[in-house]
Amino acid sequence: MWIYILVFVLTFCFMEFMAWFTHKFIMHGFLWSLHKDHHRKDHDSWFERNDAFFIFYALVSIGFFLLWKYNILDIGLAIGLGILAYGIAYFFVHDIFIHQRFKFLRNANNRYAKAVRRAHKMHHKHLGKDQGECFGMLIVPFKYFKK
């Protein structure tokens, strides 16, 4: 049982690295065409092309669930749940708390919440794909905790 909990926690933590890596080198790299509408609101839709990245990670998570279900990978459930849990956390922090795609969690004003907002604001000050900063989501550089 402990191995599954450990795999779940490690997967969740590893997903922060994957979010940073994907955001820096893929979203701001060769798939900028899917991500740029997130930096420049040049459309009237609630949905963004950028939302395709959620679908990709959902499919990866489902793949691990299936590997577990068909007895191919014993820890597949723990990995799939770790990816899912990170996706939910990312959705709440990024889409709900920061970008207010749903109008709640507006008043979170603790030190961590302020740091996350500052870091993401610095990321969005760059409208192009180059010269960005703060590509992660849940782990925020210490300088953004300062007042």
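Reader: Which pattern does the chain follow when read along the sequence?

Author: In this predicted model, the order along the sequence is α-α-α-α-α. The secondary structure amounts to 5 helices and 0 strands.

Reader: What makes the span of α5 agree with that of a helix of 14 residues?

Author: Helix α5 comprises residues 111-124, and at 1.5 Å a residue it should span 20 Å. Its end C-alpha atoms lie 20 Å apart, so the value agrees with the expectation.

Reader: What caps the N-terminal end of α5?

Author: Asn110 does so, with a side-chain oxygen 3.0 Å from the backbone nitrogen of Tyr112. A polar contact requires N or O atoms within 3.5 Å, so a distance of 3.0 Å falls inside that cut-off.

Reader: Which residues of α5 are buried, and how do you know that they lie on the same side?

Author: The buried residues are Ala113, Ala115, Val116, Ala119, His120, His123 and His124. They cover an arc of only 165 degrees around the axis, and therefore share one side of α5. On the other side, Arg111 and Lys121 are exposed.

Reader: Against which helices do the buried residues of α5 pack?

Author: They pack against α1 (2-30), α2 (32-39) and α4 (76-98).

Reader: Why is Glu133 called partly exposed?

Author: Its relative accessible area is 21%. Buried means under 20% and exposed over 50%, so Glu133, at 21%, is partly exposed. Glu133 belongs to the segment after α5, and its C-alpha atom is separated from that of His120 by 8.7 Å.

Definitions and conventions
Residues are numbered from 1 along each chain as its sequence is written. This is a predicted model: local features need pLDDT of at least 70, side-chain atom pairs count only at pLDDT 80 or more; totals for chains, interfaces and linings use all residues. Side-chain values use heavy atoms; hydrogens and water are left out. Helices (H or I, at least four residues) and strands (E, at least two) are DSSP runs, numbered from the N terminus. The expected span of a helix is 1.5 Å times one less than its number of residues. Buried means under 20% relative accessible area, exposed over 50%, partly exposed in between (1.4 Å probe, protein chains only). The arc is that of the directions from the helix axis to the C-beta atoms. Contact means heavy atoms within 4.5 Å. A polar contact is a pair of N or O atoms within 3.5 Å; within protein, one must be able to donate a hydrogen and the other to accept it, and residues adjacent in sequence count only if both atoms are side-chain atoms.
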